[in-house]
Amino acid sequence: MESIKPQLEKYGQEHLVKFWNELSKAEQNSYLEELKKLNLEEITGYFKNAQETLKAACNKIDDLLQPLPSDVYGSFQNSSPEQLAKYYEKGLKLIAENKLCVLLLAGGQGTRLGVKYPKGMYNVGLPSGKTLYQLQAERILKLQKLAGNNCSIPWYIMTSDHTKESTELFFEKHGYFGLKKENVVIFQQFLLPCLTFGGKIINNAKNGLAMAPDGNGGLYKALREHGVLQNMKSRGIQYIHAYCVDNILVKMADPIFMAYCVDKKADCGAKVVKKAFPTEPVGVVCKVDGKFQVVEYSEITTSTAEKQDKNGQLLFNAGNICNHFFTLGFLDAVCNENESELKHHIAKKKIGFIDEKGEFVQPSEPNGIKMEKFVFDVFKFSKNFAVWEVVREDEFSPLKNADGKPKDTPTTCRLALQNLHCRYIVNAGGTVKLPDGSSFCENDDIQNTPVCEISPLVSYAGEGLEKLVRNKTFAVPVTLTEDSMNGI
């Protein structure tokens, strides 16, 4: 304690040992070890830089914004069926050659969902009862089968201190959902202390620090420090698809997106959707002062958000959905050369703390900050960036809130997936008969979508359904499983 006290005083953190004499010898020893791990110079430096980032974010940056150049922008809707088919085949070839992996950002807990376990373990109420993790695992299995050549798509899953153990146990319990254990690599992002608005580290116990994950941008340090990047190199991986766990419609290792980026010789890429309306609260992929970046909606004035191009489209229209492409070379450079340049962002939170009497208090209003890096902050390091626009209804429906909220709930996610699966059947020549005798139409209100679920083991993205559904009528509820393929 005598050796660490001067450091605490130097950085204004001596309050951390206010209750030292009230601790048992064992508590003192364990707490001392925790304090020794703190790099106070680094933490206070992060805080100073984060304050500058927050100050910059409060200043509208309209004058620095530039729309995305047309030569980096591709679109699913605007591509011909022939071009999409070429991308698809090329993407499957990359997978068959074991050059591609998926990287999942899964450090968040289901707090806003009202559960105490990781989002990936959530069941939104599909007939199958499948969780997000199972749906995603089965999409990987199907894609491996489509690519053939007995290939593998390694699945790297970044968890946090709060979710790592439960995630590992969940996968073990379910036999990795049919994937090979060695191809599911679970690792953990790092933690940072929570701070008061004045930069003081918060105690959540007399002998404990309030800690929080370092944001999804903590990915790059975790890849380097946990040997994950080296693992990718040893497997011969060349391309990485990174995404967030909460999107129920996500196409992991999407062959079309991957091949588009490779064709463009991109080192980094982003999949985007058109904004639903000018002021939609979503980050926008654009250029800022000549460099690619995601700009938060709060940083753009309404007048700029409403600007249109000559075709009447929003000028800043590329909504970020945390769905990215990296080459291994780019990821290697970011992790080993650029990671320290990434600035932390400040998130104001309600953080439990101990008061002057040493009693625990759970505040009702934000009382401190968590410092986070963002995964997309590396866009500025790209030498050849690419953007691929997809249809929101086909590929993006995040799970963030409990039912009762207006959007991003288990119900909205379930309806989005069921609506997509109904459209798969119709597009393959089948008919979905509704309870009132009418037939499902893709223009129907999504709120009236009937129960319809197609197992990812049957179809990854609507392919291969013709033999199963063409000229057939299906009464709801519709469930197509592997058993449905028998005899086809």
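Q: Which residues in α4 meet which residues in α9?
A: Contact means heavy atoms within 4.5 Å, while helices (H or I, at least four residues) and strands (E, at least two) are DSSP runs numbered from the N terminus. This is a predicted model, in which local features need pLDDT of at least 70, side-chain atom pairs count only at pLDDT 80 or more, and totals for chains, interfaces and linings use all residues; residues are numbered from 1 along each chain as its sequence is written. Side-chain values use heavy atoms, with hydrogens and water left out. Here, α4 brings L84, Y87, Y88, K90, G91, L92, L94 and I95 to the contact, and α9 brings P255, I256, A259, Y260, V262 and D263. Sorted by kind, the residues of this contact are 11 nonpolar, 1 polar and 2 charged, where Ala, Val, Leu, Ile, Met, Phe, Trp, Tyr, Cys and Pro count as nonpolar, Asp, Glu, Lys and Arg as charged, and the others, Gly among them, as polar.

Q: At what angle do the axes of α4 and α9 cross?
A: Axes are lines fitted to C-alpha atoms, for helices over the stretch in contact, and angles run from 0 to 180 degrees between N-to-C directions. The axes of α4 and α9 cross at roughly 90 degrees and come within 7 Å, and the two helices are therefore roughly perpendicular to each other (65 to 115 degrees, with under 35 counted as roughly parallel, over 145 as roughly antiparallel and the rest as oblique).

Q: How do α4 and α5 pack?
A: Helix α4, residues 81-96, packs against α5 with the axes 8 Å apart and an angle of about 100 degrees, which means that α4 is roughly perpendicular to α5. On the α4 side the contact is made by Y88, L92, I95 and A96, and on the α5 side by L143, L146 and A147. The residues of this contact divide into 7 nonpolar, with no polar and no charged ones.

Q: How many aromatic pairs are there?
A: Rings of Phe, Tyr and Trp (its six-membered ring) pair if their centres lie within 6.5 Å, and planes under 30 degrees apart count as stacked, over 60 as edge-to-face and the rest as tilted. By this rule the count comes to 17 aromatic pairs. One of them joins Y87 and W388 edge-to-face, at 5.9 Å centre to centre and with 85 degrees between the planes. This pair links distant parts of the chain, since Y87 sits in helix α4 and W388 in strand β20 (residues 385-389), 301 residues apart. Both Y87 and W388 are buried (under 20% relative accessible area, with exposed over 50% and partly exposed in between, for a 1.4 Å probe and protein chains only). The pair of F379 and F385 is tilted, with 4.8 Å centre to centre and 50 degrees between the planes; F379 is buried at 0% relative accessibility, and F385 is buried at 2%.

Q: Which residues do ring pairs link into a cluster?
A: The cluster consists of Y133, W155, F170, F171, Y176 and F177.

Q: Where does D246 lie, and is D246 buried or exposed?
A: The loop between β11 and α9 holds D246, which counts as buried because its relative accessibility is 8%. The side chains of D246 and K119 are joined by a polar contact of 3.4 Å, that is, a pair of N or O atoms within 3.5 Å; within protein, one must be able to donate a hydrogen and the other to accept it, and residues adjacent in sequence count only if both atoms are side-chain atoms. Leaving aside neighbours within four places in sequence, D246 is in contact with K119, L132, S397, P398, L399 and K400.

Q: What does K130 touch?
A: K130 lies in the loop between β3 (100-105) and α5 (132-147), and its relative accessible area of 11% makes this residue buried. Not counting residues up to four places away in sequence, K130 touches Y122, N123, L135, E138, E453, S455 and P456, and its side chain makes a polar contact of 3.3 Å with the side chain of S455.

Q: Which peptide bond is cis?
A: The bond from V476 to P477 is cis, with omega near 0 degrees, and P477 lies in the loop between β23 (473-475) and β24 (478-480).
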